[in-house]
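I opened this two-chain entry to look up a few places one by one. My notes are kept in the order in which I went through them.

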Amino acid sequence: MTMTTETANWCDRCGEAAATGDHDACRAARALEPPRYCPQCRRRMKVQVLPSGWSAVCVEHGTHAAPR
Amino acid sequence: MPEILDRARTQVLDGGVGLDEAGVLAVLRLPDEHLTETLQLAHEVRMRWCGPEVEVEGIVSLKTGGCPEDCHFCSQSGLFASPVRSVWLDIPSLVEAAKQTAATGATEFCIVAAVRGPDERLMKQMREGVAAIRAEVDIQVAASLGMLTQDQVDELVEMGVHRYNHNLETCRSYFPNVVSTHSWEERWETLRMVRASGMEVCCGGILGLGETVEQRAEFAAQLAELEPHEVPLNFLNPRPGTPLGDQPVVAPRDALRAIAAFRLAMPRTILRYAGGREITLGDLGTRDGLLGGINAVIVGNYLTTLGRPANEDLALLDELKMPVKALSATL
């Protein structure tokens with residue numbers, strides 16, 4: 001299952017509502033971090049960091065992956 | 001030139017004898033206007049006693065999160081409200097990670113688990129994983145699995161694990177402020193067994209945990225006493241949900257001064273840039289560190305956070321005319 005591409009409701013770093021609050025720091029931090037929360041449902045994802053990429057799995061919405 | 005640098009030039013550069021705790025402290029207390037010459041001296045020491053080669057390593061987390069220990073810097077502790085969830089890496093993915101690491105030219109691949117110490121499930125995963133890597137990938141395998149029993153030490157040797165990482169993290173006097181679920185002495189005991197087994201000892205720590213400059217010097221001296229083959233030097237990357245989540249990052253000049261000071265304490269060891277260098281020093285810091293005593297890097301990502309792309313570090317080594325240590329040189 002791959003991640004569905006719906007609008008992000010939640011910040012994938014802090015898990016708070018994407019539309020409220022200031023997430024500039026989260027966006028900056030994400031340059032050096034994988035996502036931790038599903039942007040669609042806010043569930044904590046199972047994240048595996050690999051030397052050249054990462055994958056993040058939400059039980060409801062599937063897998064994010066970012067090979068580099 | 002400050003007296004301590006004069007002394008270091010004679011004692012460390014010419015004689016190969018590292019500075020003691022008082023000497024390291026004097027280096028850490030040098031004002032900013034002496035930072036450049038301190039880094040230059042540390043670089044000369046590294047070149048004299050280690051040579052121009054840089055050891056390149058990749059690391060991967062075999063078991064992430066859910067750790068029963070309370071290391072206050074760690075997002076993988078199950079005791080804190082960290083967003084990191086527990087996950088295990090399967091063997092095919094582990095082998096693929098080793099292949100990707102070897103493809104960068106790295107000679108070291110360290111398998112890490114967030115545990116107090118290995119249980120039978122983890123040791124079984126290690127047996128299968130190390131055997132699969134050794135069958136398919138031309139790379140040295142290291143491990144970092146927490147505190148070990150003698151039987152586990154012996155078994156890792158049998159598997160062919162050539163180096164074992166177990167960080168003391170910080171100096172003995174500050175350790176209880178950082179970890180309460182086990183002691184500095186318990187970690188030392190594992191390191192003693194590892195050394196006696198013939199595996200190479202890899203032991204470093206994290207700077208910026210709230211320790212004083214005096215405690216930083218104490219830590220360098222305690223590491224020097226251990227005489228580890230390798231010292232990974234991390235800088236705190238404050239993780240959300242951990243007790244140190246709001247701790248400020250180390251100031252770049254203090255980080256560079258520490259790199260030089262640790263090199264002057266341990267002229268012959270492999271001093272590796274590890275986690276936190278990106279957030280502490282930025283891209284330029286990698287260059288400054290490599291010209292200030294560092295002679296090894298972790299390339300690519302870390303355990304739960306991301307690093308610089310490996311090709312950027314490798315391009316920098318090429319530009320600095322620092323050859324990547326070949327596998328044959330480590331066997």
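**Conventions.** I am working on a predicted model, in which local features need pLDDT of at least 70, side-chain atom pairs count only at pLDDT 80 or more, and totals for chains, interfaces and linings use all residues. Residues are numbered from 1 along each chain as its sequence is written, while chains are lettered from A and ligands numbered from 1 in the order in which they are written.

**Sheet of chain A.** I looked up the strands, taking helices (H or I, at least four residues) and strands (E, at least two) as DSSP runs numbered from the N terminus. Strands β1, β2 and β3 of chain A form an open sheet in the order β1-β2-β3, with antiparallel pairing. Its edge strands are β1 and β3 (62–65), each of which pairs on one side only. Pairing here requires at least two DSSP bridges between two strands. On average, neighbouring strands of the sheet are turned by 15° against each other, direction ignored. For such angles, axes are lines fitted to C-alpha atoms, for helices over the stretch in contact, and the range is 0 to 180 degrees between N-to-C directions. I find four bridges between β2 (residues 53–58) and β3 of chain A, which run antiparallel. A:Cys58 is placed opposite A:Gly62 of β3(A).

UniProt, in an unreviewed entry, lists "domain: Biotin synthase auxiliary protein C-terminal" at residues 45–63 of chain A. UniProt positions follow the numbering used here, feature names are shortened, and annotations may be inferred rather than shown by experiment. I get 0% helix and 68% strand for residues 45–63 of chain A, with the end C-alpha atoms 9 Å apart.

**A:Arg42.** I noted a positive phi of about 75° at A:Arg42, although this residue is not a glycine. A:Arg42 sits in the loop between α1 (24–29) and β1 (46–50) of chain A. Is A:Arg42 buried or partly exposed? A:Arg42 is partly exposed because 16 other C-beta atoms lie within 10 Å. The limits are 20 or more other C-beta atoms within 10 Å for buried, 12 or fewer for exposed, and partly exposed in between, with C-beta atoms placed from the backbone.

**Contact between the chains.** Chain A gives 16 residues to the contact and chain B gives 21; contact means C-beta atoms, placed from the backbone, within 7 Å. On the chain A side, β1(A) supplies the largest share, five residues. By class, that side has eight nonpolar, three polar and five charged residues. Ala, Val, Leu, Ile, Met, Phe, Trp, Tyr, Cys and Pro count as nonpolar, Asp, Glu, Lys and Arg as charged, and the others, Gly among them, as polar.

An unreviewed UniProt entry puts "domain: Radical SAM core" at residues 52–277 of chain B. That span is 38% helix and 19% strand, and its end C-alpha atoms lie 21 Å apart.

The UniProt annotation "binding site" (unreviewed entry) covers B:Cys67, B:Cys71 and B:Cys74. B:Cys67 lies in the loop between β1 (55–64) and β2 (87–88) of chain B. B:Cys67 counts as buried because it has 23 C-beta neighbours inside 10 Å. B:Cys71 is in the loop between β1 and β2 of chain B. B:Cys71 is buried, with 24 other C-beta atoms within 10 Å. With residues up to four places away in sequence not counted, B:Cys71 touches B:Ser77, B:Glu169, B:Val178 and B:Val179.

**B:Glu169.** I followed up B:Glu169, a residue that B:Cys71 touches. B:Glu169 has a positive phi of about 75° although it is not a glycine. The residue lies in the loop between β5 (163–165) and α7 (175–178) of chain B. B:Glu169 is buried, with 24 other C-beta atoms within 10 Å.

**Nonpolar core.** A nonpolar core is a set of buried Ala, Val, Leu, Ile, Met, Phe, Trp, Tyr and Cys residues joined through C-beta atoms within 7 Å. The largest one has 110 residues, and those touching the most other members include B:Val24 and B:Ala220. Helix α10 (residues 252–265) of chain B contributes the largest share of this core, nine residues. Not counting residues up to four places away in sequence, B:Val24 touches residues including B:Leu19, B:Ala217 and B:Leu264.

**B:Ala310.** B:Ala310 belongs to helix α12 (residues 310–319) of chain B. B:Ala310 is buried, with 24 other C-beta atoms within 10 Å. Leaving aside neighbours within four places in sequence, I find B:Ala310 in contact with B:Thr104, B:Val299 and B:Gly300. The C-alpha atoms of B:Ala310 and B:Gly300 are separated by 4.8 Å, and the two residues are ten residues apart along the chain.

Notes. Two residues are in contact if their C-beta atoms, placed from the backbone, lie within 7 Å.
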